[in-house]
Amino acid sequence: MMGDLTPEWLNEDFVVAALQGGEHKEPKVTIANFSVAPADVLNFSSDIFRIAVRYRIGKSNQEHSKNLIVKNTDDTALLQALLGPSIWEKETVYYRDLLPTMMEKAQCKFAPESFYCSLDRVYIMEDLSKDYILLDSHQQLDFDHFKMSLTTLAKFHASSVAVYHEKPDLIKFVGREFFFPEGGGPLKQWIETGVKTYGEVLSNSEEHKEYADFFLSRADNIWDAVVETIKPRANHLNVLNHGDMWTANIMFKYSKSGELDDLKFIDYQSSRYTTPTADLVYFMYTSGRHDVREHRQKELFLHYLQVLNDTLQQLGCPERFTVEEFKEDLKRMVPWFVAVSPFAFALVAAGAGEDAQDFSGLTSEDFIAGKGNHLVRKLCLGKTISDRIPNYVRQYLALIKSFE
(Lines give C-alpha, C1' and ligand atoms only; values in the text may rest on other atoms or scores of the structure.)
Protein backbone atom coordinates (compact mmCIF):
# COMPACT_ATOMS: atom_id res chain seq x y z
CA MET A 1 0.00 0.00 0.00
CA MET A 2 1.48 3.32 -1.05
CA GLY A 3 1.26 6.69 0.63
CA ASP A 4 -0.12 9.79 -1.07
CA LEU A 5 3.39 11.22 -1.49
CA THR A 6 4.82 8.14 -3.18
CA PRO A 7 6.02 8.77 -6.76
CA GLU A 8 4.10 6.92 -9.48
CA TRP A 9 7.25 5.18 -10.69
CA LEU A 10 7.78 3.56 -7.28
CA ASN A 11 5.68 0.56 -8.22
CA GLU A 12 5.88 -3.22 -8.56
CA ASP A 13 7.83 -3.16 -11.84
CA PHE A 14 10.41 -0.86 -10.24
CA VAL A 15 10.90 -3.26 -7.32
CA VAL A 16 11.10 -6.30 -9.60
CA ALA A 17 13.85 -4.70 -11.70
CA ALA A 18 15.82 -3.82 -8.56
CA LEU A 19 15.69 -7.38 -7.21
CA GLN A 20 16.49 -8.97 -10.59
CA GLY A 21 19.39 -6.64 -11.32
CA GLY A 22 17.62 -5.25 -14.41
CA GLU A 23 14.32 -5.38 -16.29
CA HIS A 24 15.27 -8.35 -18.45
CA LYS A 25 17.60 -10.25 -16.14
CA GLU A 26 17.13 -13.87 -15.10
CA PRO A 27 15.91 -15.52 -12.98
CA LYS A 28 12.64 -13.62 -12.92
CA VAL A 29 11.28 -12.24 -9.68
CA THR A 30 7.59 -12.41 -8.78
CA ILE A 31 6.26 -10.07 -6.12
CA ALA A 32 3.96 -11.60 -3.51
CA ASN A 33 3.46 -8.40 -1.54
CA PHE A 34 5.15 -5.07 -1.05
CA SER A 35 4.52 -1.79 0.76
CA VAL A 36 6.01 1.68 0.51
CA ALA A 37 6.17 4.35 3.19
CA PRO A 38 8.05 7.65 3.57
CA ALA A 39 10.99 7.31 5.95
CA ASP A 40 11.02 9.59 8.96
CA VAL A 41 14.60 10.75 8.40
CA LEU A 42 16.04 14.28 8.44
CA ASN A 43 17.70 14.76 5.05
CA PHE A 44 18.63 18.07 3.43
CA SER A 45 18.85 16.67 -0.09
CA SER A 46 16.46 13.78 -0.73
CA ASP A 47 13.08 12.18 -0.19
CA ILE A 48 13.53 8.79 1.44
CA PHE A 49 11.12 5.84 1.14
CA ARG A 50 11.14 2.41 2.78
CA ILE A 51 10.00 -0.70 0.89
CA ALA A 52 9.08 -4.01 2.51
CA VAL A 53 8.77 -6.76 -0.09
CA ARG A 54 8.03 -10.49 -0.18
CA TYR A 55 8.93 -12.23 -3.43
CA ARG A 56 9.68 -15.51 -5.22
CA ILE A 57 12.62 -16.26 -7.51
CA GLY A 58 12.11 -18.14 -10.78
CA LYS A 59 9.72 -21.10 -10.51
CA SER A 60 10.34 -21.63 -6.82
CA ASN A 61 7.40 -21.34 -4.42
CA GLN A 62 9.69 -20.30 -1.57
CA GLU A 63 9.14 -16.73 -0.45
CA HIS A 64 11.95 -14.36 0.38
CA SER A 65 11.68 -11.02 2.13
CA LYS A 66 13.78 -7.90 1.85
CA ASN A 67 13.66 -4.33 3.10
CA LEU A 68 14.92 -1.59 0.79
CA ILE A 69 15.55 2.13 0.96
CA VAL A 70 14.79 4.29 -2.07
CA LYS A 71 16.47 7.68 -2.09
CA ASN A 72 14.89 10.13 -4.50
CA THR A 73 16.95 13.31 -4.83
CA ASP A 74 14.78 16.34 -4.25
CA ASP A 75 14.86 19.00 -6.99
CA THR A 76 13.73 21.62 -4.47
CA ALA A 77 16.19 20.65 -1.71
CA LEU A 78 18.94 22.90 -0.40
CA LEU A 79 21.89 21.10 -2.04
CA GLN A 80 20.07 21.06 -5.38
CA ALA A 81 19.38 24.80 -5.10
CA LEU A 82 22.99 25.54 -4.21
CA LEU A 83 24.90 23.23 -6.50
CA GLY A 84 22.62 22.11 -9.31
CA PRO A 85 21.76 18.61 -10.59
CA SER A 86 25.32 17.55 -11.50
CA ILE A 87 26.11 16.82 -7.87
CA TRP A 88 23.96 13.68 -8.07
CA GLU A 89 26.20 12.18 -10.76
CA LYS A 90 28.73 11.53 -8.02
CA GLU A 91 26.42 9.33 -6.01
CA THR A 92 25.43 7.27 -9.04
CA VAL A 93 29.07 6.42 -9.69
CA TYR A 94 29.65 5.82 -6.00
CA TYR A 95 26.98 3.16 -5.62
CA ARG A 96 27.45 1.59 -9.04
CA ASP A 97 31.24 1.53 -9.39
CA LEU A 98 33.21 2.78 -6.41
CA LEU A 99 31.87 1.62 -3.05
CA PRO A 100 31.90 -2.12 -3.86
CA THR A 101 35.56 -1.83 -4.92
CA MET A 102 36.56 0.20 -1.86
CA MET A 103 34.82 -2.16 0.55
CA GLU A 104 36.43 -5.20 -1.04
CA LYS A 105 39.89 -3.66 -0.74
CA ALA A 106 39.45 -2.58 2.87
CA GLN A 107 37.58 -5.77 3.84
CA CYS A 108 35.16 -3.46 5.60
CA LYS A 109 31.45 -3.12 4.76
CA PHE A 110 31.18 0.60 5.49
CA ALA A 111 28.18 1.19 3.18
CA PRO A 112 24.84 -0.55 2.57
CA GLU A 113 24.45 -2.90 -0.40
CA SER A 114 23.07 -1.15 -3.49
CA PHE A 115 20.61 -2.44 -6.10
CA TYR A 116 19.89 -1.85 -9.78
CA CYS A 117 17.95 1.29 -10.72
CA SER A 118 17.33 2.67 -14.21
CA LEU A 119 16.29 6.16 -13.05
CA ASP A 120 18.69 9.06 -12.79
CA ARG A 121 19.23 10.49 -9.31
CA VAL A 122 17.32 7.65 -7.64
CA TYR A 123 19.23 5.12 -5.56
CA ILE A 124 18.14 1.81 -4.06
CA MET A 125 19.99 0.19 -1.20
CA GLU A 126 19.39 -2.29 1.55
CA ASP A 127 17.30 -0.97 4.39
CA LEU A 128 19.44 -1.46 7.45
CA SER A 129 16.73 -0.38 9.88
CA LYS A 130 16.04 -3.93 11.10
CA ASP A 131 19.55 -4.19 12.54
CA TYR A 132 20.89 -0.61 12.39
CA ILE A 133 19.46 2.65 13.62
CA LEU A 134 19.88 6.31 12.85
CA LEU A 135 20.37 8.29 16.01
CA ASP A 136 18.50 11.54 16.49
CA SER A 137 20.25 14.04 14.22
CA HIS A 138 20.63 16.43 17.17
CA GLN A 139 22.37 13.76 19.25
CA GLN A 140 26.11 14.27 19.39
CA LEU A 141 28.31 11.22 19.71
CA ASP A 142 30.04 9.93 22.82
CA PHE A 143 33.60 8.61 22.86
CA ASP A 144 32.79 5.01 21.90
CA HIS A 145 30.55 5.97 18.97
CA PHE A 146 33.07 8.50 17.75
CA LYS A 147 36.02 6.11 18.03
CA MET A 148 34.29 3.37 16.04
CA SER A 149 33.23 5.94 13.44
CA LEU A 150 36.83 7.13 13.07
CA THR A 151 38.05 3.54 12.76
CA THR A 152 35.69 2.99 9.84
CA LEU A 153 36.43 6.40 8.34
CA ALA A 154 40.17 5.61 8.38
CA LYS A 155 39.52 2.42 6.37
CA PHE A 156 37.26 4.33 3.98
CA HIS A 157 40.01 6.92 3.41
CA ALA A 158 42.76 4.33 3.03
CA SER A 159 40.78 2.27 0.52
CA SER A 160 40.30 5.39 -1.62
CA VAL A 161 44.08 5.78 -1.79
CA ALA A 162 44.39 2.19 -3.02
CA VAL A 163 41.71 2.75 -5.67
CA TYR A 164 43.41 5.99 -6.73
CA HIS A 165 46.59 4.06 -7.58
CA GLU A 166 44.57 1.90 -9.98
CA LYS A 167 41.83 4.28 -11.19
CA PRO A 168 42.81 7.89 -10.51
CA ASP A 169 40.17 9.27 -12.91
CA LEU A 170 37.40 7.53 -10.94
CA ILE A 171 38.49 9.10 -7.65
CA LYS A 172 38.97 12.50 -9.29
CA PHE A 173 35.49 12.33 -10.79
CA VAL A 174 33.66 11.66 -7.53
CA GLY A 175 36.07 13.93 -5.66
CA ARG A 176 35.35 17.04 -7.74
CA GLU A 177 34.84 20.13 -5.60
CA PHE A 178 31.30 21.49 -5.83
CA PHE A 179 30.95 23.55 -2.68
CA PHE A 180 34.01 25.80 -2.93
CA PRO A 181 34.90 26.34 -6.62
CA GLU A 182 37.50 28.90 -7.63
CA GLY A 183 36.06 32.27 -8.57
CA GLY A 184 33.04 31.97 -6.29
CA GLY A 185 29.83 29.99 -6.12
CA PRO A 186 26.38 29.97 -4.50
CA LEU A 187 27.85 29.45 -1.04
CA LYS A 188 30.11 32.51 -1.22
CA GLN A 189 27.52 35.00 0.08
CA TRP A 190 26.40 32.54 2.74
CA ILE A 191 29.95 32.01 4.03
CA GLU A 192 30.89 35.70 3.99
CA THR A 193 27.64 36.78 5.67
CA GLY A 194 27.90 34.06 8.29
CA VAL A 195 31.53 34.71 9.16
CA LYS A 196 30.86 38.43 9.61
CA THR A 197 27.76 37.66 11.70
CA TYR A 198 29.74 35.43 14.03
CA GLY A 199 32.42 38.09 14.42
CA GLU A 200 29.85 40.78 15.19
CA VAL A 201 28.05 38.62 17.73
CA LEU A 202 31.25 37.69 19.52
CA SER A 203 32.54 41.28 19.51
CA ASN A 204 29.36 42.35 21.33
CA SER A 205 29.89 39.79 24.07
CA GLU A 206 32.34 40.70 26.83
CA GLU A 207 32.64 37.01 27.70
CA HIS A 208 33.61 35.94 24.16
CA LYS A 209 35.06 39.10 22.64
CA GLU A 210 38.52 37.48 22.44
CA TYR A 211 37.21 35.16 19.69
CA ALA A 212 35.65 37.87 17.51
CA ASP A 213 38.87 38.49 15.60
CA PHE A 214 39.08 34.76 14.78
CA PHE A 215 36.23 35.39 12.34
CA LEU A 216 36.44 39.11 11.53
CA SER A 217 40.13 39.03 10.54
CA ARG A 218 39.35 36.36 7.93
CA ALA A 219 35.98 37.62 6.70
CA ASP A 220 37.17 39.66 3.70
CA ASN A 221 39.10 36.87 1.96
CA ILE A 222 37.53 33.77 3.50
CA TRP A 223 36.30 32.37 0.19
CA ASP A 224 39.68 32.44 -1.56
CA ALA A 225 41.38 31.13 1.58
CA VAL A 226 39.13 28.10 1.92
CA VAL A 227 39.28 27.36 -1.83
CA GLU A 228 43.06 27.20 -1.56
CA THR A 229 42.97 25.24 1.68
CA ILE A 230 40.64 22.54 0.38
CA LYS A 231 42.57 21.78 -2.83
CA PRO A 232 44.48 18.48 -2.98
CA ARG A 233 48.19 19.09 -2.52
CA ALA A 234 51.16 17.46 -4.18
CA ASN A 235 53.50 15.55 -1.84
CA HIS A 236 50.75 15.36 0.77
CA LEU A 237 48.30 12.60 1.58
CA ASN A 238 45.03 13.17 -0.28
CA VAL A 239 42.04 10.89 0.20
CA LEU A 240 38.45 10.74 -0.91
CA ASN A 241 36.57 12.53 1.87
CA HIS A 242 33.01 11.50 2.63
CA GLY A 243 32.33 15.24 2.68
CA ASP A 244 29.30 15.23 4.97
CA MET A 245 30.35 13.19 7.98
CA TRP A 246 27.88 13.80 10.78
CA THR A 247 25.50 11.88 13.00
CA ALA A 248 22.62 11.78 10.50
CA ASN A 249 24.79 10.04 7.88
CA ILE A 250 25.84 7.11 10.09
CA MET A 251 23.73 4.08 10.98
CA PHE A 252 24.69 2.17 14.12
CA LYS A 253 24.16 -1.47 15.06
CA TYR A 254 23.95 -2.70 18.66
CA SER A 255 24.24 -6.14 20.22
CA LYS A 256 21.40 -7.68 22.22
CA SER A 257 23.11 -6.42 25.36
CA GLY A 258 23.10 -2.87 23.98
CA GLU A 259 26.80 -2.68 23.12
CA LEU A 260 27.86 -0.81 19.97
CA ASP A 261 28.59 -3.47 17.37
CA ASP A 262 28.94 -1.97 13.87
CA LEU A 263 28.14 1.06 11.71
CA LYS A 264 27.67 2.09 8.10
CA PHE A 265 27.98 5.42 6.31
CA ILE A 266 25.29 6.77 3.98
CA ASP A 267 24.96 9.82 1.64
CA TYR A 268 28.04 10.35 -0.51
CA GLN A 269 27.09 13.19 -2.86
CA SER A 270 29.23 15.77 -1.03
CA SER A 271 32.56 13.95 -1.37
CA ARG A 272 35.78 15.74 -2.23
CA TYR A 273 39.39 14.73 -2.88
CA THR A 274 41.67 16.47 -0.39
CA THR A 275 43.41 16.07 2.96
CA PRO A 276 41.65 13.73 5.42
CA THR A 277 41.77 16.55 7.98
CA ALA A 278 38.76 18.16 6.25
CA ASP A 279 36.55 15.18 7.13
CA LEU A 280 38.01 14.93 10.64
CA VAL A 281 37.41 18.56 11.58
CA TYR A 282 33.93 18.61 10.04
CA PHE A 283 32.95 15.40 11.82
CA MET A 284 34.26 16.44 15.24
CA TYR A 285 32.49 19.80 15.25
CA THR A 286 29.19 18.64 13.82
CA SER A 287 28.92 15.42 15.80
CA GLY A 288 31.27 15.15 18.78
CA ARG A 289 29.78 15.62 22.22
CA HIS A 290 31.03 18.56 24.27
CA ASP A 291 33.01 16.33 26.64
CA VAL A 292 34.60 14.53 23.67
CA ARG A 293 35.72 17.82 22.10
CA GLU A 294 36.77 19.17 25.47
CA HIS A 295 38.92 16.28 26.67
CA ARG A 296 39.53 13.55 24.08
CA GLN A 297 40.03 15.05 20.61
CA LYS A 298 43.75 14.34 20.48
CA GLU A 299 43.30 10.76 21.68
CA LEU A 300 40.70 10.10 19.01
CA PHE A 301 42.65 11.66 16.18
CA LEU A 302 45.80 9.74 17.13
CA HIS A 303 43.71 6.57 17.00
CA TYR A 304 42.49 7.56 13.51
CA LEU A 305 46.10 8.08 12.34
CA GLN A 306 47.11 4.65 13.65
CA VAL A 307 44.26 2.85 11.87
CA LEU A 308 44.75 4.86 8.68
CA ASN A 309 48.49 4.13 8.45
CA ASP A 310 48.04 0.46 9.38
CA THR A 311 45.39 0.06 6.67
CA LEU A 312 47.52 1.85 4.08
CA GLN A 313 50.34 -0.57 4.88
CA GLN A 314 48.03 -3.59 4.60
CA LEU A 315 46.82 -2.35 1.21
CA GLY A 316 50.38 -1.94 -0.06
CA CYS A 317 50.13 1.85 -0.34
CA PRO A 318 53.37 3.77 0.29
CA GLU A 319 51.59 6.90 1.60
CA ARG A 320 51.43 7.71 5.31
CA PHE A 321 49.94 10.53 7.38
CA THR A 322 52.25 11.46 10.23
CA VAL A 323 51.40 13.20 13.49
CA GLU A 324 53.56 16.14 12.40
CA GLU A 325 51.68 16.44 9.10
CA PHE A 326 48.35 16.30 10.90
CA LYS A 327 49.47 19.02 13.31
CA GLU A 328 50.45 21.27 10.41
CA ASP A 329 47.15 20.48 8.70
CA LEU A 330 45.18 21.61 11.74
CA LYS A 331 46.82 25.03 11.51
CA ARG A 332 46.42 25.20 7.75
CA MET A 333 42.75 24.20 7.96
CA VAL A 334 41.68 27.18 10.08
CA PRO A 335 39.96 28.82 7.04
CA TRP A 336 38.06 25.57 6.53
CA PHE A 337 36.90 25.61 10.15
CA VAL A 338 35.88 29.26 9.79
CA ALA A 339 34.01 28.70 6.50
CA VAL A 340 31.99 25.64 7.48
CA SER A 341 31.01 27.08 10.88
CA PRO A 342 28.15 29.32 9.59
CA PHE A 343 27.15 26.77 6.95
CA ALA A 344 27.45 23.15 8.07
CA PHE A 345 27.88 23.60 11.82
CA ALA A 346 24.95 26.03 11.98
CA LEU A 347 22.66 23.89 9.80
CA VAL A 348 23.38 20.80 11.85
CA ALA A 349 22.90 22.61 15.16
CA ALA A 350 19.61 24.14 14.01
CA GLY A 351 18.31 21.01 12.28
CA ALA A 352 14.54 20.96 12.35
CA GLY A 353 14.38 22.83 15.67
CA GLU A 354 13.19 26.31 16.48
CA ASP A 355 16.40 27.87 15.11
CA ALA A 356 16.00 26.28 11.66
CA GLN A 357 15.41 28.50 8.63
CA ASP A 358 13.42 27.69 5.51
CA PHE A 359 15.61 28.06 2.41
CA SER A 360 13.12 26.35 0.10
CA GLY A 361 12.28 28.23 -3.06
CA LEU A 362 15.69 29.89 -3.28
CA THR A 363 17.82 29.09 -6.33
CA SER A 364 21.59 29.16 -6.73
CA GLU A 365 21.19 32.55 -8.43
CA ASP A 366 19.26 33.80 -5.40
CA PHE A 367 22.07 32.73 -3.09
CA ILE A 368 24.68 34.39 -5.32
CA ALA A 369 22.64 37.61 -5.29
CA GLY A 370 22.46 37.50 -1.49
CA LYS A 371 18.70 36.96 -1.32
CA GLY A 372 19.20 34.33 1.37
CA ASN A 373 21.47 36.47 3.55
CA HIS A 374 18.72 37.42 6.01
CA LEU A 375 18.03 33.71 6.59
CA VAL A 376 21.74 33.02 7.01
CA ARG A 377 21.96 35.73 9.66
CA LYS A 378 18.96 34.30 11.50
CA LEU A 379 20.49 30.82 11.32
CA CYS A 380 23.82 32.03 12.74
CA LEU A 381 22.06 34.02 15.47
CA GLY A 382 20.06 30.99 16.63
CA LYS A 383 20.55 30.17 20.29
CA THR A 384 21.87 26.63 19.75
CA ILE A 385 24.73 27.55 17.43
CA SER A 386 25.51 30.93 19.04
CA ASP A 387 25.91 29.13 22.37
CA ARG A 388 28.18 26.51 20.83
CA ILE A 389 30.44 28.55 18.57
CA PRO A 390 32.65 30.12 21.31
CA ASN A 391 33.33 26.63 22.67
CA TYR A 392 34.05 25.35 19.17
CA VAL A 393 36.69 28.04 18.61
CA ARG A 394 38.25 27.52 22.01
CA GLN A 395 38.36 23.74 21.58
CA TYR A 396 39.82 23.91 18.08
CA LEU A 397 42.59 26.25 19.18
CA ALA A 398 43.24 23.99 22.17
CA LEU A 399 43.51 21.00 19.83
CA ILE A 400 46.14 22.76 17.73
CA LYS A 401 48.07 23.73 20.86
CA SER A 402 47.95 20.17 22.22
CA PHE A 403 50.14 19.01 19.31
CA GLU A 404 52.81 21.67 19.86
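1. Helix H1 spans residues 12-20, and seven of its nine residues are buried. Buried means under 20% relative accessible area, found with a 1.4 Å probe on protein chains only. Helices are DSSP runs of H or I with at least four residues, strands are E runs of at least two, and both are numbered from the N terminus. The buried residues of H1 are Phe14, Val15, Val16, Ala17, Ala18, Leu19 and Gln20.

2. This is a predicted model, in which local features need pLDDT of at least 70 and side-chain atom pairs count only at pLDDT 80 or more, while totals for chains, interfaces and linings use all residues. Residues are numbered from 1 along each chain as its sequence is written, and side-chain values use heavy atoms, with hydrogens and water left out.

3. Just after H1, Gly21 has a positive phi of about 90°.

4. Across the whole structure, a search finds 30 aromatic pairs. Rings of Phe, Tyr and Trp (its six-membered ring) pair if their centres lie within 6.5 Å; planes under 30 degrees apart are stacked, over 60 edge-to-face, and the rest tilted. Phe301 and Phe326 form an edge-to-face pair, 5.4 Å centre to centre with 65° between the planes. Phe301 is in helix H11 (residues 297-314) and Phe326 in helix H12 (residues 323-332), 25 residues apart. Phe301 counts as buried because its relative accessibility is 1%; Phe326 is buried at 0%.

Note on methods. Buried < 20%, exposed > 50% of the residue type's maximum accessible area, 1.4 Å probe, protein only.
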